[in-house]
Amino acid sequence: MKLSITQNIMTKISGAVSLAVAGVLFLIVFFIDAVQKNLEIDFGLIVQLRNLFVVLTFVGIYLFIRTIMPKRSVQALRLFGIIFITILSFLAVFLILRLISIDGYEAVEMQITPTDYLTLLFFSLASVISGTAAIIFLYTISQLIFFKRRKGTQRNFIIFLVLLGAASLSTWNLQSLEKSTLSYILFMGAVIAGIANSFKFSWIVYLSKREKMFSIGYSLLLFILFIIFNVTLSENGFINKSLLYYSYPLQFFVRIVAIFSVIYFGMSFVVSLFHLPTAEAFDRKRIELSSVQNLSKLITRVFDFKDLVQTVTNLTIEVSEARSAWLEIIRHDDAGGGTIRFELVAHKNIMPAEIDLITGDDTGLRRYSIETKKVVVVDEFIRDRRTRNIAQSVRNIGSLICVPLLSQNELIGILYAAKTIEYGFDEEDTALISTFADNASIAIENSRLIEQSIKRERLQQELMVAQKVQKKLLSQTIPKLAGFELDAFSSPAFEVGGDYYDIAILGEKRIGIVVGDVSGKGVSAAFYMAELKGIFQALSKSCTSTTEFLIKANNALFGSIEKSAFISLIYAILNIENATLGLSRAGHCPMIHFQNGKVNLHKPTGIGLGLTGASLFNEVIEEESISVGPGDICVFYTDGVTEARNPEGEEFGTERLIGTIVNNSHLNPQELRKAILDDITSYTGLDSFDDDLTILILKRNIA
Amino acid sequence: MTDFVIKVRNVEPVHVFELKGYLDAHTAPKLEETFQDLIDKGNHLIVVNCSNLSYISSAGLGVFMAFVEDLREKQGDIKFSNMTDKVFNVFDLLGFPLLYEIFKDEKEAVEKFTNAKNN
């Protein structure tokens, strides 16, 4: 902001200086003229100097006008207003001068000379006023012509200006009433070039219907006024005489501009008229194009992020007629504590390497977008302070626009478009792209949300399937045994877990009972748990002892599972006939044996499965034989039971578990299990268990 | 619950890990990283001082299993010291005392390494 204010002041100062210089030059010229009138001698070099001063006077006026005119005027009707006021003022001045009929001059030898000071003053003033008016007309019309300029526009206009200048300057040494064939050929050339430039009416196309009506009225009015202007410049008119006296080049300049203006506004009238019937349709089309159509194009694509961002990029080119466009999306690095990173997700007609140069961090463009969240338009890519450093390495860009994509006022990305010409993005384009970017932001944000929820949904569904599968692996019908009762319960911490229990009928009188715990939790544990199930089902029936099974299971697992993974397992074979239990343990929690009001913890030596190779594992593994009396209870469990914590962080522990068993030893296994779970939940204060937890209870009937 | 701190001390030529807090599935990656870092720098003699370790889960034990084989191949080892009864119980259940040397005191563990080196 500060910069633009100082810039403003600077232009104002330079404008004032230009005007002051022009004023001083005018006075000098007037002084020379006054002296020359009295002395009637050939000044020679001074005359040349005087003529140069006249030209410089108008250069000064031009520089001043440039500073007071709107910089990037896009409203054609405002330009019309400026021309309208200028020509009306001019004609009013002319009328006043006509009323004070001036005839203090004589024509001597091809030279008009004023005979009194008043006439000299009027001549001078009339000349400066008409010259100034002509400059204003030319400047303003050039703005109209440059609206939506194409490649050739500027070139054509410069040809016209060159011819205009050449024609004017070719009269430099002519006497006021002399004629020159060369000058007239150049005069005609300039007029033809003017006509050639009078076909640029891009501004009309973008007017609304109402504005087009205004344009027709204005054009017609201006056309008529400029005809009057031309009449006032006619051969014998006062103005023409003044100009011829004051400066022949100026007279040429004013007349060519006058003719050019008539032609331009005549054409403008006709073109506006022709555009009127289609105005309404065009209006509607424009709205359609910028909103409904593009929006619907976007909405259908929210299910495919890649497709969506490419469409956004392509449509940006379409709506703004840009040469290239690209789109950067902000990615939040979760790990990096809120740092953001831009990812180029789509680009068209430009290389990613070039984009890197343009939006890399050393240019202010991206930073500016992040800070202000406003649209940035770079009109002159080569000269703009934000881009001039990189202009040498990036070709084919004249102007550039960066539009921040906002979702709930949060920057989610930046959309860029570039054109080869300078001043390629006018207010119309900017508004169009901004509207479009708003829609794009919504679509992109929706697409992201959809993508996320689909992923989550899919994951959730997969887990539900896994949970179902795992339940099938665990919950089987508990076999009915003569003289014994069995109950088993397992609850995973998450959807799936690493706990395992199984009961296998090994023979007529032999039952295999296994409880295991895979290291870790969740999905990876569940995989090994499934593998364990396979191993148990495959090997248990062929093994005569509990150690034999554990050795085989360890052989199967060691080296085939991850180094960091292992399984603890306790395996018992119940002989129903003689009520004995063969028990082996591979790193698992001990079995609790309740007998005659007393409790024994059975913990035969054994290393967890998958921890070590056969040599050590086989060497240390033990088997115990336990006789199970009437009313005896055997409890198998996983560490989820003993490691359940209360709010203070203390573990439930083996002692409490034993206490619960002793206190409830009269219950059947199912009731006892419920009692244990109740004790755990009342201890932890939670409804569920936050670790995988398994309890298997075997009880021998009393009778 | 997730409070877990690792301090590494250099007691030439041994590196002593002082573990503090809860070593479970959430905090295990931290320990894993420390191990990997040390091994990458060519250190193979490690003593884990467990005096302030309040809890260790199966995932925590898995970290030692993941590295010990590698270390032993390079003539190194992991030895444990200063375990509380509770933590020792977990080690003991799984049969870890059969797989690792566990010492009452850190000094003993370090000396075991240095003696072995001198012999």
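1. The model is a predicted one, in which local features need pLDDT of at least 70 and side-chain atom pairs count only at pLDDT 80 or more, while totals for chains, interfaces and linings use all residues. Residues are numbered from 1 along each chain as its sequence is written, chains are lettered from A and ligands numbered from 1 in the order in which they are written, and side-chain values use heavy atoms, with hydrogens and water left out.

2. Strand 6 (residues 399-407) and strand 7 (residues 410-419) of chain A pair in the antiparallel sense over nine bridges, where two strands count as paired if DSSP finds at least two bridges between them. Helices (H or I, at least four residues) and strands (E, at least two) are DSSP runs, numbered from the N terminus. The loop between strand 6 and strand 7 of chain A holds N409(A), which has a positive phi of about 65° although it is not a glycine.

3. These strands belong to an open sheet of five strands in chain A, with the order 4-3-7-6-5 and antiparallel pairing. Strand 4 (340-348) and strand 5 (376-378) of chain A stand at the edges with a single partner strand each, so one side of each is left without a neighbour in the sheet. From one strand to the next the twist averages 20°.

4. Helix 11 (residues 305-320) of chain A lies across strand 3 (324-332), strand 4 and strand 7 of chain A, and runs at about 65° to strand 4 of chain A; axes are lines fitted to C-alpha atoms, for helices over the stretch in contact, and angles run from 0 to 180 degrees between N-to-C directions. Helix 14 (residues 427-474) of chain A packs on the sheet and touches strand 3, strand 5, strand 6 and strand 7 of chain A, its direction making about 40° with that of strand 6 of chain A.

5. Another open sheet of chain A has five strands in the order 8-17-16-13-14, again with antiparallel pairing. Its edges are strand 8 (484-491) and strand 14 (598-602) of chain A, each with a single partner strand, so one side of each is left without a neighbour in the sheet. Strand 13 (residues 591-595) of chain A is joined to strand 14 of chain A by five bridges, and Q595(A) stands opposite K598(A) in strand 14 of chain A. Helix 19 (residues 653-663) of chain A packs on this sheet, touching strand 13, strand 14 and strand 16 (633-637) of chain A.

6. The contact between the chains, meaning heavy atoms within 4.5 Å, takes 20 residues from chain B and 24 residues from chain A. The area buried between them is about 1,700 Å², of which carbon and sulfur atoms give 63%; buried area is the accessible area (1.4 Å probe) that two parts lose on being put together, summed over both. L93(B), L94(B) and L98(B) supply 32% of the area that chain B buries against chain A, more than any other three residues.

7. Two salt bridges are found across the interface of chain B and chain A, a salt bridge being a side-chain nitrogen of Lys or Arg within 4 Å of a carboxyl oxygen of Asp or Glu. K603(A) forms a salt bridge with D92(B), their closest N and O atoms being 2.7 Å apart. The elements giving two or more residues to the side of chain B that touches chain A are helix 2 (58-73), helix 3 (85-94) and helix 4 (96-99) of chain B, and helix 2 of chain B gives the most, with eight residues.

8. Within chain B, a cis peptide bond joins E12(B) and P13(B), with omega about -5°. P13(B) is found in the loop between strand 1 (4-11) and strand 2 (14-23) of chain B.
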